[in-house]
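Here is a short briefing for a reader new to this structure. Look through the sequence and the model first, then read on.

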Amino acid sequence: MAEQLKLYSYWRSSAAYRVRIGLNLKGLVYETVPVHLVRDGGQQHSAAYIAKNPQQLVPTLQHGERVIRQSLAILEYLDEAWPSPRLLPMTARDRARVRALAQMVACDIHPLNNLRVLQYFEHTWNVPQAERDDWIKHWIAEGFTAMEALLVEDAATGPYCHGQTPGLADCCLVPQVFNARRFGVDITAFPTILRIEEACLALPAFDRARPENQPDATA
């Protein structure tokens with residue numbers, strides 16, 4: 001496992017943010033390769049990057065000659081390649097719970113407010129800004145309402161989404177809370193989510209992964 005790790009990332013991408021957290025929790029050294037999603041018409045659309053990731057999305061992780069795409073797949077790859085500390089629990093039942101929480105964010109909430117969706121609304125359908133904002137706020141609030149309920153009702157919820165140590169679900173949740181604030185969502189109705197976010201951001205691994213702490217961070 002001595003090959004260099006390269007993370008193709010954009011500072012404000014919540015999917016890339018997830019992976020940065022996971023890399024930091026594992027204590028892994030990696031090189032950040034910035035891919036600006038807006039500049040030059042979107043650097044993810046360049047021929048060089050398309051050859052790396054035909055979906056034209058970030059993040060992409062390169063480990064030696066291996067290229068891994070999709071943030072959840074990358075995080076599970078890290079957990080299998082570097083098993084300690086674990087991002088997924090030991091038992092099948094607990095792993096299913098953590099994966100479900102992570103997928104609520106990565107598969108249900110985030111794709112509906114992703115940059116390419118918002119750009120399509122704006123440039124193809126000419127959806128006014130106010131309506132785009134309502135769309136974003138609605139789907140984040142709906143997703144967080146469900147997630148808050150699941151976290152509150154389950155005794156497996158601890159200081160973090162699952163138990164006493166941060167893991168895969170926290171890697172997904174914290175960036176989505178960042179997005180919620182960025183888009184002006186009222187998140188005061190989700191005290192458990194906010195408590196978990198606070199506990200996570202107190203850890204150096206999460207703090208170093210913050211968008212504003214990235215080498216390509218811009219105004």
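Predicted model: local features only at pLDDT ≥ 70, side-chain atom pairs only at ≥ 80, totals over all residues.

The largest pocket holds about 940 Å³ of space. Strand 3 is covered on both faces. A search of the whole structure finds 9 aromatic pairs.

**Strands**

- Strand 3 spans residues 60-63. Thr-60 and Gln-62 lie on one side of strand 3, and Leu-61 and His-63 lie on the other. These four residues are all buried.
- In a regular strand, side chains alternate between the two faces of the sheet.
- Strand 3 and strand 4 form a hairpin with 2 residues between the strands. Gly-64 in this hairpin takes a positive phi near 65°.

**Largest pocket**

- The lining of the largest pocket counts 40 residues. Nearest the centre are Leu-57, His-110, Asn-114, Leu-115 and Arg-116.
- Which helix gives the most to the lining of the largest pocket? Helix 5 does, with 6 residues.
- By class, the lining of the largest pocket has 17 nonpolar, 15 polar and 8 charged residues.

**Second largest pocket**

- The second largest pocket has a volume of about 210 Å³. It is lined by 15 residues. Arg-86, Leu-87, Thr-165, Pro-166 and Gly-167 are the closest to its centre.
- Helix 7 supplies the largest share of this lining, 3 residues.
- The lining of the second largest pocket divides into 10 nonpolar, 3 polar and 2 charged residues.

**Aromatic rings**

- A pair of aromatic rings is described by the distance of the centres and the angle of the planes.
- Among the 9 aromatic pairs is the edge-to-face pair of Tyr-77 and Trp-82. Their centres are 6.5 Å apart, with 85° between the planes. Both Tyr-77 and Trp-82 are buried.
- Phe-121 and Trp-125 have ring centres 5.8 Å apart and planes at 20°, so this pair is stacked.
- Trp-125 is exposed, with a relative accessible area of 54%.
- Ring pairs also link Tyr-120, Phe-121, Trp-125, Trp-135 and Trp-139 into a cluster.

**Two buried residues**

- His-36 lies in the loop between strand 2 (31-34) and helix 2 (47-52). His-36 has a relative accessible area of 12%, so it is buried. Its side chain reaches the backbone nitrogen of Val-38 at 3.1 Å.
- Leu-78 belongs to helix 3. Leu-78 has a relative accessible area of 0%, so it is buried.
- Leu-78 and Thr-145 are 67 residues apart in sequence. In space, 30 Å separates them, C-alpha to C-alpha.

**Cis peptide bonds**

- Val-58 and Pro-59 are joined by a cis peptide bond, with omega about 5°. Pro-59 sits in the loop between helix 2 and strand 3.
- Ser-84 and Pro-85 are also joined by a cis peptide bond, with omega about -5°. Pro-85 is in the loop between helix 3 and helix 4.

**Positive phi outside glycine**

- Asp-40 is not a glycine, yet its phi is positive, about 60°. Asp-40 lies in the loop between strand 2 and helix 2. Asp-40 counts as exposed, at 65% relative accessibility.
- Gln-56 has a positive phi near 60°, and it too is a residue other than glycine. Gln-56 is found in the loop between helix 2 and strand 3. Its relative accessible area is 25%, so Gln-56 is partly exposed.

Definitions and conventions. Residues numbered from 1 in each chain as written. Heavy atoms only, no water. Buried < 20%, exposed > 50% of the residue type's maximum accessible area, 1.4 Å probe, protein only. Pairing = 2+ DSSP bridges. 1 Å grid on protein atoms, 1.4 Å probe; cavity = no way out; pocket = protein on both sides within 12 Å on 5 of 7 lines; lining within 4 Å. Points joined across faces, edges and corners; volume = space filled by probe spheres on them. Nonpolar A, V, L, I, M, F, W, Y, C, P; charged D, E, K, R; others polar. Phe/Tyr/Trp six-rings, centres within 6.5 Å; stacked < 30°, edge-to-face > 60°. Polar contact = N/O pair within 3.5 Å; in protein donor to acceptor, adjacent residues only side chain to side chain.
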